[in-house]
Number of protein chains: 2
Amino acid sequence: MNNALRHLAPPSLLVALIAAGFHNPLVVSLALSASAGLATYTAIPAVKNVFVSHGRAGKDLLKTGTPIIPESMGAIVGVIYIIAMFLFIPVPFISWFRQSQFALGGEEELVFPHTKFAQFLGGLLALMSMLFLGFADDVLDIRWRVKIWLPLIASVPLLMVYSVTYGGTDVVVPIPLRALFGGKLVHLGIFYYAFMAALAIFSTNAINILAGVNGVEAGQSLVIALSIAANDILQLQRNPARIEAHLTSLYFVLPFIGVTIAFLCHNWYPARAFGGDTYCYFAGMIFAVVGILGNFSKTVLLFMLPQIFNFVYSCPQLFHFVECPRHRMPRLDPKTGLLNHTSFPVANTSTLGRLMVKVLQRLGLLRVRYETVDKKRTAIDANNLTLMNLLLVKFGPMKERNLALAVMATQFACSCLAFVIRYLLVQFVYNDREDNRT
Amino acid sequence: MNNALRHLAPPSLLVALIAAGFHNPLVVSLALSASAGLATYTAIPAVKNVFVSHGRAGKDLLKTGTPIIPESMGAIVGVIYIIAMFLFIPVPFISWFRQSQFALGGEEELVFPHTKFAQFLGGLLALMSMLFLGFADDVLDIRWRVKIWLPLIASVPLLMVYSVTYGGTDVVVPIPLRALFGGKLVHLGIFYYAFMAALAIFSTNAINILAGVNGVEAGQSLVIALSIAANDILQLQRNPARIEAHLTSLYFVLPFIGVTIAFLCHNWYPARAFGGDTYCYFAGMIFAVVGILGNFSKTVLLFMLPQIFNFVYSCPQLFHFVECPRHRMPRLDPKTGLLNHTSFPVANTSTLGRLMVKVLQRLGLLRVRYETVDKKRTAIDANNLTLMNLLLVKFGPMKERNLALAVMATQFACSCLAFVIRYLLVQFVYNDREDNRT
């Protein structure tokens, strides 16, 4: 793309499409998303020297010579997203503002869509908080035990908005279990809020723990965001009662798709920009926000199956049942230029740890290396428990670019599975169409 | 304060007072404010090594030996404030939540105070944005032409909330001018929104341009915040129609007073912590937020007379009508230990600049130094155009601590003047009590 185009595209696109689509917020949202994407695409190379000269840079450990790459670029991605959203907020309410202008001095009472407005404000508040937390974490390396609780606090306004908008905490019980729960609905009350808060904490960290390879954070986030958008569009067709909820979800997720595609152009192998914790927390919170605000948090969780798998799979190491080396990332073999999986030693593992190793091995999720001395076979080490190491074990050493593609393919396959569960299998456990919320 | 007390105070205070005052949000707010203050007081020394080791430190230029002091501590002040506010948000709505629980399944329609909720969300969104902007500016040194527009964008949600809550853009015309405007009210429309947006931009930068001496940013902010709280309490007594607006203002400003007192303990001469742009932007936005949300932005502007004076006084230098040295701060005389004013050369000033110098000199706001060579008197230099240099010119060199006190005293005197204008003089230009909004 040449320079003139890059500089002219955002404003011209914006003006043209806003003018054309003023009566359709979705068109304005699309125009803003494209503009935000182009702005991000232009801004990242423009600011990278500023970031590097102020110490916001890190080594790319998976390249020979470990080049220095500008880091925390999620700050640029996030700020442009937030600006696009701030400019967008008035758009869905324009018809109300026009009405209220005409009614000035009249007696007519106009009903402002308060809950929709609160959804925008609450969602952006949670996102802005995570953008700050991510950037502060990049700059200051905040301790785990401190930062793990901050998304919980950031989700308070979001849960309040949920409560005001929907308030429902009833969950439809699958048909086979209805005898057990004594009815079609079970009232979860406070536990449903606890579930949503846990979703916010999990989402915020989910992208961050499946990270470290060029393009993998933005790649998986893009697939998840596209899945959410696809689901929104499907629901807009199928479910008239839920149009507003899925429109709001689209308004949040479209600009994110725009800025993420632009970021991915610079973050793809070989990366010229890193997102840092800033990008990961921000992207994660997007998914929690649309899930909670759109009241389809369970569907969002289905789209995050790879992240859930990665987290559960990591638990034996995270909670120190087996040894956890400081770095669990794949490593570059300089001779072949391919990434290999890394391993942890199993010799001094506790009994419980050994049991976990056995179970994982039996499930085909762990490759253990043995040594035979004097005819006695001893386990030496096993692959580190991350999705990326598992992919390298299953498919053999591969190039960094291909590993990122493999994670994206896994994400895509899981999204397809999620759609199957959500739209086909659901008929066998629920009467069709009765669960509008899943 | 001993260690045990410092660690036990926040939780115990919190629990005790929340339990006691659950039915009175103001009591909960007071308890949270005190707890937030104590948490800030404890957190700053606890995290300062983390800040310094990650490069968040700066030299104290007004001390001999220019010691290294942790910087950007506004991030801690701001985060603790935001956490306190997030925890507080549900409190004013508890009675509604209780009601809605009892009415579950009933037919009764309950009216949720949507605009009040939107005020909290919109206000916190603007504050969170400025907290991020300030911290990013501390870390990355954002250019002026970029960052000047960001508070404008951050004020969009705030102006939307104003529009939904009040919507009024009519201003009561002072009695002597009514013949001119042809009525008691003048409809400002879009210009009133422009005024509020300008207030947001001005406030955000106002504290930052009256800064640089130990304790001066937090000191002036504290006096302004206390003035706002005093005005709120006065209005709660006098103006039953405006109780909700001034309660909201108190909910925003009380925790700020708490965290600012705590920060001031560490920032007071000799400072052991600097707030950085983070603190200044955050503090400035607090004042814009309460002014806009409480619909008393003109009163807030009255409380900011010293900042307005400082800005207008600085204009000849800021807009380069006269020379503007890179640093306009007072300087330390190592022999006396006193701060002296600094100067700019006036020799090569343009005609317009010379006129400005003359006018300021005539008003007694500028001290020009002359040199007499061959009986010809030539102006050499004049004091830099900042409030602090002017105070040093008027009262002579003084200790850094005393200069901070002098700024606070000026702020206090201006606040008193603002109260006189607001509550006494206003009777001569408006019929009493008819202007609920000023």
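User: Hi! Quick one to start: which residue in S9(B) does Ser343(B) stand opposite?

Analyst: Hello! Ser343(B) stands opposite Asn383(B) in S9(B). Do keep in mind that this is a predicted model.

User: Thanks, noted. How many bridges hold S7(B) and S9(B) together?

Analyst: Three bridges pair S7(B) with S9(B), and the sense is antiparallel.

User: And what sheet do those strands belong to in chain B?

Analyst: An open sheet of three strands, in the order S7-S9-S8, with antiparallel pairing. Strand S7 (343-345) and S8 of chain B are the edge strands, and each of them pairs on one side only. From one strand to the next, the twist averages 35°.

User: Nice. How do S8 and S9 of chain B pair up?

Analyst: S8, residues 368-373 of chain B, and S9, residues 376-383 of chain B, are joined antiparallel over six bridges. To pick out one pair, Tyr370(B) has Ala379(B) as its bridge partner in S9(B).

User: What's going on in the turn of that hairpin, the one with S8(B) and S9(B)?

Analyst: There are two residues between the strands, and Asp374(B) takes a positive phi near 55°.

User: Let me hop to chain A. What is the strand order in its open sheet?

Analyst: In chain A the order is S7-S9-S8, three strands in an open sheet with antiparallel pairing. Strand S7 (343-345) and strand S8 (368-373) of chain A stand at the edges with a single partner strand each, so each has one side without a neighbour in the sheet. The twist there averages 35° from one strand to the next.

User: Why do you say the copies meet through the same surface?

Analyst: Because 100% of the interface residues of chain B are also interface residues in chain A.

User: Changing topic: how far does helix H2 of chain B reach?

Analyst: H2(B) spans residues 25-53, which is 29 residues, and reaches 40 Å from its first C-alpha to its last. That is close to the 42 Å expected at 1.5 Å a residue.

User: Where is the kink in H2(B) centred?

Analyst: On Val47(B), with a kink of about 40°. After H2(B) comes Gly55(B), which has a positive phi near 85°.

User: What does the model show for residues 117-136 of chain A, helix or strand?

Analyst: Helix: residues 117-136 of chain A are 100% helix and 0% strand, with the end C-alpha atoms 28 Å apart. Residues 250-269 of chain A are 90% helix and 0% strand, and their end C-alpha atoms lie 29 Å apart.

Note on methods
Residues are numbered from 1 along each chain as its sequence is written. Chains are lettered from A and ligands numbered from 1 in the order in which they are written. This is a predicted model: local features need pLDDT of at least 70, side-chain atom pairs count only at pLDDT 80 or more; totals for chains, interfaces and linings use all residues. Side-chain values use heavy atoms; hydrogens and water are left out. Two strands pair if DSSP finds at least two bridges between them. Helices (H or I, at least four residues) and strands (E, at least two) are DSSP runs, numbered from the N terminus. The expected span of a helix is 1.5 Å times one less than its number of residues. The bend at a residue is the angle between axes fitted to the seven residues ending there and the seven starting there. Axes are lines fitted to C-alpha atoms, for helices over the stretch in contact, and angles run from 0 to 180 degrees between N-to-C directions. Contact means heavy atoms within 4.5 Å.
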